[in-house]
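Me: I'd like a close look at one part of this model. Could you pick a single residue, walk me through its surroundings, and then place it in its sheet?

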Amino acid sequence: YTVVEAGNIGLGQAGSIFIDDTGQHTGPYVAVTALADAVVDVSDCTSITDSMEDGDADFTIPKGVTIYGRFAVFSLDSGGPVIAYKG
């Protein structure tokens with residue numbers, strides 16, 4: 001990738017997906033924005049448990065908040081919807 005292309009990928013400009021169910025969604029994703037309070041199912045998101053210190057329990061992304069990281073798989077336990085940005 002060129003420097004600009006790499007920067008765009010890091011900003012999620014490779015596209016996005018609207019997630020409003022509890023299924024597993026394969027990324028990779030670089031950011032997730034909650035459109036309503038959303039509970040992340042950490043047991044389905046191994047990249048979160050592997051890379052987040054103490055990331056072994058489900059957690060809530062409050063409405064309007066964006067979390068950043070490298071998520072190979074993302075799924076909700078409840079709530080949402082969210083927008084997951086590909087990268």
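Reply: One cut-off first: a residue is called buried when its relative accessible area is under 20%, and exposed when that figure is over 50%. Keep in mind that this is a predicted model. The residue to look at is Thr33, which sits in strand 2, residues 25-34. Thr33 has a relative accessibility of 14%, so it counts as buried.

What is around it? Setting aside its neighbours within four places in sequence, Thr33 is in contact with Val65, Thr66, Val82, Ile83 and Tyr85. One of these, Thr66, also makes a polar contact with Thr33, side chain to side chain, at 2.7 Å.

Strand 7 covers residues 82-86 and runs antiparallel to strand 1, with four bridges joining the two. Among the residues paired there, Ile17 has Ala84 of strand 7 as its bridge partner.

There's also another sheet in the model, an open one of three strands in the order 4-3-6, again with antiparallel pairing. Its edge strands are strand 4 (59-61) and strand 6 (76-79), each pairing on one side only. Neighbouring strands in that sheet are turned by 30° on average, direction ignored.

How values were computed
Residues numbered from 1 in each chain as written. Predicted model: local features only at pLDDT ≥ 70, side-chain atom pairs only at ≥ 80, totals over all residues. Heavy atoms only, no water. Pairing = 2+ DSSP bridges. Axes fitted to C-alpha atoms, helices over the stretch in contact; angles between N-to-C directions. Buried < 20%, exposed > 50% of the residue type's maximum accessible area, 1.4 Å probe, protein only. Polar contact = N/O pair within 3.5 Å; in protein donor to acceptor, adjacent residues only side chain to side chain. Contact = heavy atoms within 4.5 Å.
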